[in-house]
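The sequence and the model come first.

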Amino acid sequence: MLKDRINDLLGQVKDLQAANAEELEALRIKYLSKKGEITSLFNEFRDVPAEQKRELGQLLNQLRQEAEGRINELRESMANANANAEKLDLTRTPDPIALGTRHPLSLVREEIEDIFSRIGFTIAQGPEVEDDKHVYGMLNFAPEHPARDMQDTFFIEKEIGVQKPTDVLLRSHTSSVQTRVMTSQKPPIRVLCPGRVYRNEAISARAHCFFHQVEGLYIDKNVSFADLREALLYFSKEMFGADTKIRLRPSYFPFTEPSAEMDISCNICGGKGCSFCKGTGWVEILGCGMVDPNVLEACGIDSKVYSGYAFGMGVERITNLKYRVKDLRLFSENDVRFLRQFESC
């Protein structure tokens, strides 16, 4: 009977399989072509008695839809498989490749940059190999200042065997970027100067011969110490939390006057006193002050018209406070066990 043959073909088309495009085309021809089995059943349907046409017509339509749907499904599956095969890189190692992580110093540096960018600071860059003029001379360092000594600064010899220090050196602070900005731009100036610096120090858990700084400079008319305090208070609250307090202690730097060192309330004990803050409730994080008029004049800026403030912090110091990293050497040893701790940051 026609009905039995239709049901038999329905069972077949639901289980159709094809390993490649040739087999799929053969199935299409077998069932759906002009001489295919389903077309043949439609030809026989013309001679079916009128009382059976409704039932058998519905079955035939269902059969054709099932066959077309199954063949289209197989075609899409093959197309997706081919697309994935084209993306396959056969040169890659069969072993899983572990994803890298952001370095904690990069995370903190970018967070510092983002905070100060919200109050108008832009990024300024400068060379790591510098000269004495931009690193010391224009920043009001006296010729006999201890920082010029070979024990603190890496001087670069022009020739092999030359023992006398030259004026070419590795910058010991990113303040050299500030002098380059001040000599090339007119006020108002509002820049942030991140970068690596070098000092001739013994490597230990608390010191390294290279580290990273972020320094800031703002010069305009009527800039005051109150402006400096508010900028640093804003930074501290954004970086360490809204409850953070700051205090400024008088200090000395050749390029600022007056100068100060800034402490924040210990973010571990909340200012109550702990081993980290040595029971004081305060932790030092940066140095700052008003730009010395001698520095402005050395850079070609009229100190009678303009004033400004500057500040500088060590990125490692801020990272230590944020992530409780006590050994500076971990930042440069590339130990993946240490770096994996920052995967979610």
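Which residue in S9 is the bridge partner of isoleucine 219? The partner is glycine 308.

## Basis of the model

The model is predicted, so that local features need pLDDT of at least 70 and side-chain atom pairs count only at pLDDT 80 or more, while totals for chains, interfaces and linings use all residues. Residues are numbered from 1 along each chain as its sequence is written, and side-chain values use heavy atoms, with hydrogens and water left out.

## The sheet

Seven strands form an open sheet in the order S1-S4-S5-S9-S8-S7-S6, with mixed pairing; strands here are DSSP E runs of at least two residues and helices are H or I runs of at least four, numbered from the N terminus, and two strands pair if DSSP finds at least two bridges between them. The edge strands, each pairing on one side only, are S1 (122-123) and S6 (246-253). S5 and S9 pair in the antiparallel sense over eight bridges.

## Helices on the sheet

H7 lies across S4, S5 and S9 and runs at about 30 degrees to S5, where angles run from 0 to 180 degrees between N-to-C directions and axes are lines fitted to C-alpha atoms, for helices over the stretch in contact. Helix H8 (residues 225-240) also packs on the sheet, touching S6, S7, S8 and S9 (contact means heavy atoms within 4.5 Å), and its direction makes about 150 degrees with that of S8.

H7 (residues 175-184) is mostly covered, with seven of its 10 residues buried, that is, under 20% relative accessible area with a 1.4 Å probe and protein chains only. Among these buried residues are Val177, Val181 and Met182, and the elements that the buried residues of H7 pack against include helix H6 (132-135), S4 (189-198) and helix H9 (293-298).

## H2 and H3

Helix H2 (residues 21-32) and helix H3 (residues 37-45) pack at an angle of about 5 degrees, their axes 4 Å apart. The two are therefore roughly parallel, a term for angles under 35 degrees. Lys30, Tyr31 and Leu32 in H2 meet Glu37, Ile38 and Thr39 in H3.

## Threonine 153

Threonine 153 is found in the loop between H6 and strand S3 (168-170), and counts as buried because its relative accessibility is 1%. Its side chain makes a polar contact (N or O atoms within 3.5 Å, one able to donate a hydrogen and the other to accept it; residues adjacent in sequence count only if both atoms are side-chain atoms) with the side chain of tyrosine 136, at 2.6 Å. Not counting residues up to four places away in sequence, threonine 153 touches Tyr136, Ala147, Arg148, Leu169, Leu170 and Asn200.

Notes:
Angles under 35 degrees count as roughly parallel, over 145 as roughly antiparallel, 65 to 115 as roughly perpendicular and the rest as oblique. Buried means under 20% relative accessible area, exposed over 50%, partly exposed in between (1.4 Å probe, protein chains only).
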